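Please read them with the structure open beside you.

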Amino acid sequence: MTIRKHVKLGLSALALSMSLNAMAAEDPIKVGILHSLSGTMAISETVLKDTVEMLIAKQNAEGGVLGRELEAVVVDPASNWPLFAEKARELLAQEKVDVIFGNWTSVSRKSVLPVVEELNGLLFYPVQYEGEESSENVFYTGAAPNQQAIPAVDYLMNNIGVERWVLAGTDYVYPRTTNKILETYLMDQGVAKADIMINYTPFGHSDWQNIVSDIKRFGSAGKKTAVVSTINGDANVPFYRELGNQGISASDIPVVAFSVGEQELSGIDTGPLVGHLAAWNYFMSADSDANYDFIDQWIEHTGNEEAVTNDPMEAHYIGFNMYIEAVKKAGTTDVDAVKDAIIGVSVPNLTGGYATMMPNHHITKPVLIGEIQDNGQFSVVWETPSTVAGDAWSDFLPGSRDLIADWRKPMFCGSFNTATGKCGASAGEMAAEEAE
Amino acid sequence: MSILRSLTLLLIALVSVLSLPASAQEDDPGKALLNNLAEAPASRVEDAINAIVSSGDERARGWLEAYGNNRLSRIEDTGQVVIVLNNRGRDWEIANPLTGENMGEMSRRELDRIAINNRIRGQLEGILAMLDLNAADPDVREASAQDMMGKVDASLVEPLEAQLELEENASVRHRIEEALAIYRVGEGNLDAVDVLAGSLHPRARAALNEAVRSDNPVLADEAEQALSTIEQKLKLNRAAETLYFGLSLGSVLVLAAIGLAITFGVMGVINMAHGELIMLGAYTTWGMQQLLPGQPGLALILSIPAGFLVAATAGIIIERSVIQFLKGRPLETLLATFGISLILQQLVRTVISPQNRTVVTPDWMSGSLVINDALSLTLNRLYVLAFALIVFAALMMIMRKTRLGLEVRAVTQNRAMARSMGIKATRVDIMTFALGSGVAGLAGVALSQITNVGPNLGQNYIIDSFMVVVFGGVGNLWGTLVAGLTLGTINQILEPWAGAVLAKIMVLVLIILFIQKRPRGLFPQKGRAAEG
């Protein structure tokens with residue numbers, strides 16, 4: 001064990017010293033990290049900063065890319081949405097970074113969007129989101145609704161036989177859009193409006209007594225009922241605790257969550273939650289060597305034997321490797337060249353398959369349904385037979401049904417309307433119209 | 001790594017060789033049963049489980065329980081089925097299911113979990129409940145009979161009927177009858193509808209609701225009648241439930257606000273860091289549980305004095321270092337304490353972690369107190385409600401009956417006069433602020449059982465706390481109690497039909513309107529104190 005480690009260390013030192021000579025000739029490739037390290041979102045985003053730093057360290061140990069070393073430029077947007085835009089400008093205009101990995105909430109991404117488009121930067125966004133966007137400068141490595149929400153509902157409908165639906169979410173854009181898509185989808189599948197209950201709660205909601213008892217009542221109508229939860233962040237802990245206390249077990253009313261990962265579960269006693277579900281594209285329990293290696297690296301990097309990995313971390317792993325591959329393919333870090341080169345690039349994901357960058361700047365992902373176990377991990381109970389390509393514009397929303405995105409020439413458009421044959425308004429304007 | 005791995009393999013091989021002659025494992029029928037389960041494709045899993053149940057093996061319960069808990073795995077290389085005792089971290093502790101002996105730790109890379117899904121788990125719960133129906137303890141039998149409700153299928157009817165013949169305990173019999181009736185209603189049996197007519201259990205209602213939709217008009221009619229009697233009974237229960245929810249939310253508000261009622265209400269200090277003092281109390285609970293692993297209950301009880309002391313100390317530091325210099329300048333106090341609140345939050349993020357911390361709920365606080373099938377009171381909130389009332393009573397005692405209380409009231413009513421009577425006003429300031437802060441710490445200990453323990457804990461409660469104090473009447477502890485409980489109840493009455501977001505807004509609007517009418521709150525200070 002120790003001998004091996006020494007040899008490894010020696011080898012990497014050797015490689016480092018050799019590559020150092022070559023690297024000294026050129027400037028390092030600057031990688032901007034735009035994740036909140038303070039404020040509300042620090043709970044989720046700090047680990048992503050650490051992930052990118054770990055990936056950079058690993059890439060450097062392997063000799064960097066194009067003979068150049070990578071250098072992390074970390075800024076703290078402090079969970080403050082306008083500050084995200086300022087920090088993005090600082091990264092692109094002053095630090096002159098070649099690429100940015102960052103953002104968690106949709107509102108922070110929307111705030112950064114005009115900046116990266118104006119300054120022609122590259123942004124890798126690692127979190128599942130509501131779709132309805134495709135920017136020339138952004139790569140969406142998290143799941144679009146068709147890569148998470150819809151397959152999960154299919155699973156509940158076909159494998160569990162659910163007929164009555166509670167759509168519960170936090171009151172902001174991602175749950176609202178996702179629930180709108182799901183409602184249309186369910187009604188298309190023949191579910192009556194009376195069999196769908198929609199409920200929104202504010203951020204950080206902690207008093208779930210009434211809602212849980214409502215759900216219990218809704219579930220006693222004689223049809224199999226399930227809860228589809230887009231409840232975000234901390235609010236999940238008291239929600240699940242209330243479920244457990246009111247004696248709702250997963251075999252009565254299963255809850256499938258889109259925002260509860262290993263990270264969130266590490267903050268609660270999972271005993272009463274066993275059997276509830278989550279839909280993601282990666283679980284820490286994935287049985288593949290790439291995943292086990294990633295976990296070993298992560299534990300070594302954090303120095304915490306209990307450290308957990310989660311889905312957005314895998315998204316950054318994929319995004320980072322795609323960027324490296326694209327730079328190698330383009331032979332330069334020039335933004336336009338990388339943008340062209342990255343479409344079609346395939347890299348291994350952590351669940352034993354491959355992820356490919358599609359022309360709409362979304363990637364292919366497998367969809368996994370996992371059950372919560374008593375050790376705070378998920379065990380996979382179902383997965384899509386093959387990977388699913390992310391759909392930027394949902395087929396289940398009236399405004400976006402006809403839209404497609406393709407960033408290859410000659411189309412080169414983020415919102416091409418197949419009905420009118422014209423490249424529509426920019427993504428931002430589309431969203432604004434949608435809101436009205 | 002590889003040396004370690006081969007060592008464990010060797011160890012396992014050794015263990016199995018050693019135990020072979022003793023128990024003649026090769027001939028153990030259990031081995032074949034477990035391998036059968038492990039190898040079964042999804043469609044054959046039920047058969048494999050039935051084979052285990054019908055084997056009558058006394059270890060079967062343990063195996064099925066492990067299977068239901070995702071604890072049954074196979075060793076990748078040898079194909080041996082093992083029970084995972086501890087599945088945290090990268091190396092898992094495993095045991096032999098046949099002999100029960102501990103096989104040491106093994107890397108999780110080497111283990112393949114035997115898959116189970118919700119459908120199978122539901123059936124398994126029914127089977128385990130069936131096995132438990134033979135238990136000696138009538139409470140266990142009743143619980144398992146209750147678990148059977150809605151899980152009875154054709155294969156379980158006969159054994160259940162046989163069980164009913166043997167059963168002597170009335171409440172267990174009642175449960176078994178209900179469980180059977182739910183199945184029979186599904187089969188179209190009219191007598192079964194009568195059995196369910198008085199039941200408040202959600203599964204009974206589910207079965208009746210299904211019957212209403214059936215093709216048989218007589219059955220549908222009967223079921224509808226049964227449902228309407230149940231609905232009548234439920235109405236009363238729902239009202240009681242809403243009241244309980246309201247009081248429980250109210251008690252949380254009271255706990256969070258009562259410390260503020262002292263610092264803001266009595267002393268007039270606008271302390272925006274009040275929420276963070278609550279947070280410190282919650283973190284103390286977490287720290288205590290870390291110090292006393294395995295004894296969450298004891299740790300929680302010890303946290304009550306500890307949380308008080310930690311928050312009170314922090315309060316004294318804040319008072320001495322900042323607030324005393326800003327006396328009579330409310331705007332500066334507000335800004336300075338807001339800064340302190342940000343500092344404390346970020347301190348916790350940097351020193352402890354930005355992640356939430358797990359605070360374990362002791363067994364005696366989880367679950368609920370069952371009044372009947374439709375009404376059960378969650379225990380953790382019941383304890384918090386009681387705790388809030390005790391804290392309130394204790395504070396009232398201190399303010400009314402002790403020397404400190406007397407001095408506090410004297411200083412707040414007329415500072416100059418009190419000082420001329422020989423009261424050390426500065427000392428009273430410190431003690432009052434420490435008391436208010438300590439009570440915030442107590443609130444934190446209680447909140448750790450209800451909500452997240454994380455850096456943002458305090459922020460979620462600061463606005464509500466000010467709202468309660470202002471609504472109740474500044475400077476009046478009774479006002480805080482009544483205001484907290486009232487706001488909680490109003491909120492919970494509005495919530496079912498307005499939604500959580502709108503209910504909150506409506507409560508806020510109500511308070512604003514109320515303050516317009518009565519600017520000094522529910523219980524305004526009267527007499528000389530009012531001018532102070």
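1. Seven strands of chain A form an open sheet in the order S7-S6-S8-S9-S10-S14-S15, with mixed pairing; strands here are DSSP runs of E of at least two residues and helices are runs of H or I of at least four, numbered from the N terminus, and two strands pair if DSSP finds at least two bridges between them. Strand S7 (196-201) and strand S15 (378-383) of chain A are the edge strands, each pairing on one side only. From one strand to the next the twist averages 25°. Within this sheet, strand S8 (residues 225-230) and strand S9 (residues 255-257) of chain A pair in the parallel sense over three bridges, and A:Val228 stands opposite A:Val256 in S9(A). Helix H6 (residues 173-188) of chain A lies across strand S6 (164-170), S7 and S8 of chain A, and runs at about 165° to S6(A); axes are lines fitted to C-alpha atoms, for helices over the stretch in contact, and angles run from 0 to 180 degrees between N-to-C directions.

2. This is a predicted model, in which local features need pLDDT of at least 70 and side-chain atom pairs count only at pLDDT 80 or more, whereas totals for chains, interfaces and linings use all residues. Residues are numbered from 1 along each chain as its sequence is written, and chains are lettered from A and ligands numbered from 1 in the order in which they are written. Chain A averages a pLDDT (the predictor's confidence in each residue, from 0 to 100) of 87, and 91% of the residues score at least 70. Among the elements of chain A, the lowest mean pLDDT, 49, belongs to helix H13 (residues 427-435), and the highest, 97, to strand S4 (residues 123-125). Over residues 16-24 of chain A the pLDDT is below 50, and beyond near neighbours in sequence this stretch has eight contacts in the model; two residues are in contact if their C-beta atoms, placed from the backbone, lie within 7 Å.

3. A second open sheet of chain A has five strands in the order S2-S1-S3-S4-S5, with parallel pairing. Strand S2 (70-75) and strand S5 (138-140) of chain A form its edges, each pairing on one side only, and neighbouring strands are turned by 25° against each other on average, direction ignored. Four bridges link strand S1 (residues 29-34) and strand S3 (residues 99-102) of chain A in the parallel sense, with A:Leu34 opposite A:Gly102 in S3(A). H2(A) packs on the sheet, touching S1, S2 and S3 of chain A, and its direction makes about 165° with that of S2(A). Helix H3 (residues 81-94) of chain A also lies across S1, S2 and S3 of chain A, running at about 175° to S1(A).

4. The domain assignment of chain A gives domain 1 (2-143 + 287-364), domain 2 (146-285 + 369-389) and domain 3 (403-435); such bounds come from an automatic or database domain assignment. In chain A, 22 residues of domain 1 are in contact with 19 residues of domain 2. Helix H2 (42-61), helix H4 (106-118) and helix H11 (311-330) of chain A each supply at least two residues of the side of domain 1 that touches domain 2, and the largest share, three residues, comes from H2(A). That side divides into nine nonpolar, nine polar and four charged residues, where Ala, Val, Leu, Ile, Met, Phe, Trp, Tyr, Cys and Pro count as nonpolar, Asp, Glu, Lys and Arg as charged, and the others, Gly among them, as polar.

5. How do H11(A) and its neighbour H12(A) cross, and at what angle? The axes of H11(A) and helix H12 (residues 335-342) of chain A come within 8 Å and cross at roughly 110°, which makes H11(A) roughly perpendicular to H12(A) (angles of 65 to 115 degrees count as such, under 35 as roughly parallel, over 145 as roughly antiparallel and the rest as oblique). The residues of this contact divide into eight nonpolar, no polar and one charged.

6. Between the chains, 53 residues of chain B are in contact with 48 residues of chain A. H10(B) gives the most to the side of chain B that touches chain A, with six residues, and that side divides into 14 nonpolar, 26 polar and 13 charged residues.
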